[in-house]
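Thank you all for coming; I would like to walk through one structure with you this morning, taking it piece by piece. Please have a look at the sequence and the model first, and then we will go on together.

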Amino acid sequence: MIPSDVIRAAVIFATVLGAGSGLSPSAAQESATDVGFVEAMSGRVVAFVRGSPVLVDVLDVISERTRLDLLANSELRLCHYRIGRFVTMRGPARITVSADGITVQAGNPVDVSPVTCALVQTSKYQGGLVARGVTFKK
């Protein structure tokens with residue numbers, strides 16, 4: 001039989017540990033709302049996430065219902081997870097990205113590439129070098 005003091009201490013410890021972990025239930029929900037990532041860009045692209053503007057850069061993750069404003073002469077190429085393809089947008093344009101697709105509110109239409117893409121996975125291998133557009137010479 002386990003003494004009640006030990007059980008009470010274990011419950012208190014688990015409660016404090018859970019509360020002090022810094023993770024809120026909304027943090028877990030936020031990671032589930034990622035709909036794509038930026039593969040390449042040129043010019044200036046502003047994303048409005050929860051009402052605040054942020055400059056977009058390569059490898060930024062795009063969340064559900066993100067509004068993108070592409071300024072003149074800008075180009076953005078992103079991988080949309082549900083579509084499974086790279087999509088290219090050219091400015092000037094105002095675009096909303098959601099899990100269901102991409103809505104062009106103003107500007108040029110979106111080009112959908114035949115090249116497929118997927119959610120970025122964490123590698124189980126350590127070390128190494130990743131380079132794009134580089135040829136290997138022996």
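Predicted model: local features only at pLDDT ≥ 70, side-chain atom pairs only at ≥ 80, totals over all residues.

The strands in question are E1 and E6, which pair in the antiparallel sense over six bridges. They belong to an open sheet of five antiparallel strands, and if you follow that sheet across, the order is E4-E1-E6-E7-E10. At its edges are strand E4, residues 61-63, and strand E10, residues 111-116, each of which pairs on one side only. From one strand to the next, the twist in this sheet averages 35°.

At one end of the order, strand E2, residues 45-49, runs antiparallel to E3 and is joined to it by four bridges, with Ala47 having Val54 in E3 as its bridge partner. At the other end, E8 and E9 pair in the antiparallel sense over six bridges, Thr96 stands opposite Thr103 in E9, and a hairpin of two residues joins E8 to E9.

Which residues have the most contacts inside the largest nonpolar core? They are Val56, Ile62, Leu68, Leu70, Leu76, Leu78 and Met89, in a core of 15 residues. The elements giving two or more residues to this core are E1 (34-42), E2, E5 (66-70), E6 (75-80), E7 (85-90) and E8, and E8 provides the largest share, which is three residues.

Is Ser98 buried or exposed? Because its relative accessibility is 10% and buried means under 20%, Ser98 counts as buried. Apart from neighbours within four places in sequence, Ser98 is in contact with Val35, Glu64, Arg65 and His80.

Finally, the charged side chains, where the structure holds six salt bridges. One of them is between Arg94 and Asp69, at 3.0 Å from N to O; since Arg94 lies in strand E8 and Asp69 in strand E5, the pair ties together parts that are 25 residues apart in sequence. Asp69 counts as buried at 12% relative accessibility, whereas Arg94, at 36%, counts as partly exposed. These two residues, together with Arg67, are linked in a network of salt bridges.

A further salt bridge joins the side chains of Glu75 and Arg90, at 3.1 Å from N to O. Glu75 is in strand E6 and Arg90 in strand E7, so this pair ties together parts 15 residues apart in sequence.

The last one I will show is formed by Asp100 and Arg82, at 2.8 Å from N to O. Asp100 is in the loop between E8 and E9, and Arg82 is in the loop between E6 and E7, 18 residues apart. Both count as exposed, with relative accessibility of 66% for Asp100 and a relative accessible area of 60% for Arg82.

Conventions:
Residues numbered from 1 in each chain as written. Heavy atoms only, no water. Pairing = 2+ DSSP bridges. Buried < 20%, exposed > 50% of the residue type's maximum accessible area, 1.4 Å probe, protein only. Contact = heavy atoms within 4.5 Å. Core = buried A, V, L, I, M, F, W, Y, C linked by side-chain atoms within 4.5 Å. Axes fitted to C-alpha atoms, helices over the stretch in contact; angles between N-to-C directions. Salt bridge = Lys/Arg side-chain N within 4 Å of Asp/Glu carboxyl O.
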